[in-house]
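Biologist: I'd like to go through this model with you, starting with how two of the chains meet. Can you put it on the screen?

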Amino acid sequence: MDRQLSRRQILGTGLFLGSAALLAACGSPAPRASSSSGKPSGTLRMSWWGADDRHERTQAALAAFEERYPGVTVKAEFTGDFQGYADKLSTQIAGNSAPDVIQMSGQFIAAYATRGALLDLNQYMPPIDVAAWDKAAVAEATYDDGVRGLSVGRDGYACFYDKGELDALGIATPAPDWNWDDFESILSDVVSAGGKYRYGCSDGGGRYEVLTVFLRQNGSDLFIDDKPAFTADQVADLWDYWGGLREKGLIVTPDIQAAWTKALDATPLVQGLAAFEFASSSTLLNLRSLVPSEVGINPLPYSTDGEAGQVVRSPMYFSAYGRSKNPDAAALLIDFLLNDPEAAEILGTTRSIPTSPEARDAIADLLTDDDKASAAYLDVLDEAGAVPISPLPAAFNDFDAALIRTYQEVMFGRTSSKEGAKRLVDEADRLFA
Amino acid sequence: MIARGLTAHSGLLLFGLLMLYPVLWMMSSSFKTEATIFSSPGLWPTDFTFDNYAKGWSAFEPGFGTFFANSFLITALSIIGNLVSCSLAAFAFARLEFRFKRTLFALMLLTIMIPIHAIAVPQYLLFTQLGWVNTVLPLVVPKFLATDAFFVFLMTQFMRNLPRELDDAAKIDGCGFFSIFWRIILPLLLPAIATTAIFTFIWTWNDFFTPLLYLNDPAAYTVPLGLRAFQDSSGDSSWGALFAMSTLAIGPVLGFFILCQRFLINGIATTGLKA
Amino acid sequence: MTQTAQAFVERTVTTPPAVPRSRWDRQSRAENRAAYLFLSPWIIGMVAIVAVPMIMSLYLSFTDYNLLQAPEWVGLDNYTRLLEDPRYLQALGVTATYVAVSVPLQLAFALALAMILNRGLRGLTFYRGAYYLPSLIGASVAIAILWRNLFGTDGLVNDGLALFGIETRSWISDPDTALGTLILLNIWTFGAPMIIFLAGLRQIPAVYYEAAAVDGAGPIRRFVNVTFPLLTPIIFFNVILQVINAFQAFTQAFVISGGTGGPVDSTLIYSVYLYSEGFVNFRMGYASAMAWILVVIIAALTGINFLLSRFWVHYED
């Protein structure tokens with residue numbers, strides 16, 4: 001018994017050392033392998049998150065890729081929510097076994113890229129062909145002098161509203177270049193008309209996108225060079241504006257707003273509580289399936305002196321794993337999924353309106369009405385001079401959580417807007433130091 | 001007497017409905033169109049449809065038929081593993097004297113106390129080292145090695161509740177330790193065995209995090225992985241299909257529970273024990 | 001800390017045979033060997049699968065580890081930072097309330113219903129199933145929506161309260177009541193301890209009740225003299241495990257608050273904070289330190305429980 005035990009102990013120690021060595025082994029990505037010529041071959045793994053529509057389309061696109069390049073097999077790994085996906089991805093990276101091609105979030109790509117987990121795609125052009133791309137779009141996710149991901153789709157931040165209800169109440173739908181005063185008067189029309197909605201809008205004070213628009217309209221921005229670029233006074237001004245709307249009963253109460261957990265189904269518009277809602281333009285399709293009447297889309301209100309300050313972003317990037325054993329084939333797959341017309345037709349707008357001009361052209365005739373509305377909305381934002389806010393800096397998620405938390409304290413009257421804003425700025429300085 | 005029975009029943013029934021409301025709501029939502037799921041949360045669907053089931057069952061490759069089969073396999077193996085390994089260990093802790101018993105028992109309890117999220121990554125590194133990732137081994141082998149200390153402790157408590165005279169009498173009859181375990185203790189342990197089987201079924205069947213980490217190939221996905229794949233809360237979610245498949249997923253668990261609960265309760269125990 | 005737990009276990013678990021050594025030596029050696037044979041699967045699992053990750057996580061708690069790069073040794077930094085982290089202290093307070101309120105209530109419910117359902121009432125299969133169902137779905141993704149339907153602005157609870165003219169609000173997202181709804185949810189899923197109680201009641205030999213009936217004992221005396229004493233090992237088990245479970249509660253709070261522990265950190269229970277530090281904010285070293293402090297807290301409480309068990313838990317052996 002004793003001898004056996006000690007053998008097991010040795011086995012245990014061996015496993016421990018082995019696993020510990022694995023821990024230590026993770027680090028900087030593998031250097032670029034000598035560019036191999038000839039036919040691409042081997043097995044690739046690709047992972048993404050999303051719902052069933054995206055799974056079905058991506059699986060079909062991967063089958064088309066395998067048909068095009070018979071030497072390559074692609075294994076799919078997919079899951080629903082981003083958070084579960086991220087848990088798995090981080091764990092895989094910790095174990096040096098992440099997939100070769102990775103769908104990355106615009107909110108998190110910096111966290112992975114600055115820690116050496118992602119390949120520099122600059123060195124794989126070709127096979128990735130970005131000649132037709134806008135230069136700024138290619139360089140969006142540049143970290144440590146390398147392109148760590150390429151934007152898959154474009155998305156604009158938008159103000160949605162129940163158009164059917166506004167029509168029924170005889171309230172004019174907002175103009176694209178409305179301002180915050182117009183916004184308030186429409187909300188007060190909705191509330192005083194006493195229709196289906198108790199409130200005009202959800203509370204925008206805790207959303208970083210609304211904060212960004214507000215800052216841009218006032219000559220600043222949320223982040224400049226990955227550092228916070230706002231003052232406590234600016235934040236307090238925004239919060240006071242929303243506080244005013246709340247006092248007039250035009251927006252939802254704090255307890256209703258606090259039930260919003262970033263999930264679309266938890267928004268006051270879907271719950272039938274408020275007529276206006278802020279969300280990404282790519283959620284239009286889903287909103288239209290969740291709200292029984294017609295849903296309209298509009299830019300966020302401009303400043304009273306006509307500054308647009310709108311926000312566009314890339315919700316997702318395609319990246320390659322830094323330690324991929326087959327980076328050439330991975331790059332080939334990324335190019336196929338981003339630029340190839342056949343892939344574009346299969347994928348449609350399941351990752352929002354494609355960033356790649358080739359893909360956008362390829363699907364121009366296939367767009368549904370909802371897609372067309374999203375695409376048209378992006379054009380409106382382009383005309384308004386919207387600048388991407390993605391990708392966001394590495395500690396962004398911490399900041400976003402702090403913003404929501406602090407604003408909740410202000411909403412519930414546990415602290416003043418001035419005091420809360422000051423704390424938020426201190427927190428931001430600490431996070432992005 | 002009848003009046004008392006009625007009162008008891010109406011009380012139990014009312015309470016039962018209160019408990020059941022959310023489940024009923026989910027089931028009724030699985031027959032609603034997506035547009036009405038959130039906007040009209042009443043229990044009875046106004047626009048009855050089976051589309052969610054058709055859509056959910058055939059959504060993305062390889063489909064829920066495979067996911068159910070995978071879940072059944074993993075669950076069945078886990079139940080066998082837990083029943084065998086945990087009852088063996090529990091017998092030692094409950095009925096035998098041996099060196100380091102207290103230390104080992106305390107160590108066993110200690111392993112339940114560490115939160116799963118803190119050991120998930122080290123465990124993953126270990127299984128990577130063993131080459132077990134993307135197989136069912138990390139989900140099943142630990143069950144055969146009694147790593148669910150919860151059940152060891154549970155069975156220990158139930159065994160300790162059996163009179164010691166049983167063992168002594170068996171010893172006098174010339175029974176070895178294994179005979180005592182197999183012929184005397186296990187038959188009397190039926191309630192605890194049923195409990196272990198039920199809990200292992202439910203916890204394995206519903207487990208999301210472990211399969212998420214270890215199963216890469218969709219052909220190996222379990223039901224919870226399939227269910228979550230309908231839901232992307234940042235964008236598009238197929239709520240109808242999610243509720244439809246969730247309703248189907250409750251079926252086997254409920255069925256197994258009803259099957260096993262006979263062993264939990266058949267009136268007062270009739271095990272014929274004489275203390 | 002574990003040592004104290006161990007000491008209590010020592011006193012309660014073992015009853016050394018009071019027999020002269022020489023006569024029993026061979027016998028006890030055989031028993032020792034048999035015991036380790038019975039334990040062998042568990043020992044292999046312990047050494048090969050459980051111990052390695054636990055030691056590694058203990059090691060990680062002394063490092064700065066972001067999951068993506070190699071860990072860096074920082075000594076006690078994580079532990080000292082925890083003591084100054086206001087959110088951590090908030091999580092400790094929230095968790096203490098959660099455990100202290102939900103565990104006794106949940107166990108009382110479970111025991112009461114197990115007693116009712118253990119009698120020969122008709123249709124009991126249905127009730128058992130009905131009462132157990134919530135525990136089957138308590139951890140599913142749908143629970144957030146279900147709970148919102150009950151306690152949200154337009155939820156069932158508000159519909160009921162409105163009948164009495166009571167002011168309504170969104171109970172799940174008001175910082176004053178959010179934790180309360182979470183505790184209710186935990187109590188609502190009392191199925192697991194209820195099943196264990198039922199199994200325990202099933203094991204009580206009928207002769208005891210027959211004897212009590214001969215003595216003319218009423219239901220209360222039967223409970224006090226027969227049911228309760230014979231059920232104490234099972235009650236003890238449920239207390240230990242429900243305390244551990246409540247300290248580690250995660251899914252419900254996570255799903256309902258969208259992973260934030262909000263509003264205003266009012267539902268920031270321990271595991272939610274641990275998870276978000278480790279996996280969302282890439283501070284796995286910090287999260288590991290949190291995990292090991294939790295182990296110490298739970299081990300201490302379990303140790304106290306074992307100590308107290310000497311005064312009220314009765315074993316047959």
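Biologist: What is the count of salt bridges between chain C and chain A?

Modeller: First, this is a predicted model, where local features need pLDDT of at least 70, side-chain atom pairs count only at pLDDT 80 or more, and totals for chains, interfaces and linings use all residues. Residues are numbered from 1 along each chain as its sequence is written, chains are lettered from A and ligands numbered from 1 in the order written, and side-chain values use heavy atoms, without hydrogens and water. A salt bridge here is a side-chain nitrogen of Lys or Arg within 4 Å of a carboxyl oxygen of Asp or Glu. D176(C) and R414(A) meet in one, at 3.0 Å, N to O. Between chain C and chain A, the count is three.

Biologist: Which element gives the largest share of the side of chain C that touches chain A?

Modeller: Contact (heavy atoms within 4.5 Å) links 41 residues of chain C with 39 of chain A. Helices are DSSP runs (H or I, at least four residues), numbered from the N terminus. With 10 residues, the largest share comes from α2(C).

Biologist: How much space lies in the largest cavity?

Modeller: A cavity is a set of points on a 1 Å grid over the protein atoms alone where a 1.4 Å probe fits but cannot get out; points join across faces, edges and corners, and the volume is what probe spheres set on them fill. The structure holds six cavities of 30 Å³ or more. Lining residues have an atom within 4 Å of a point, and the largest cavity has 13, with L337(A) and G348(A) among those nearest its centre. Its space is about 130 Å³.

How values were computed. Helix = DSSP H or I, 4+ residues; strand = E, 2+ residues; numbered from the N terminus. 1 Å grid on protein atoms, 1.4 Å probe; cavity = no way out; pocket = protein on both sides within 12 Å on 5 of 7 lines; lining within 4 Å.
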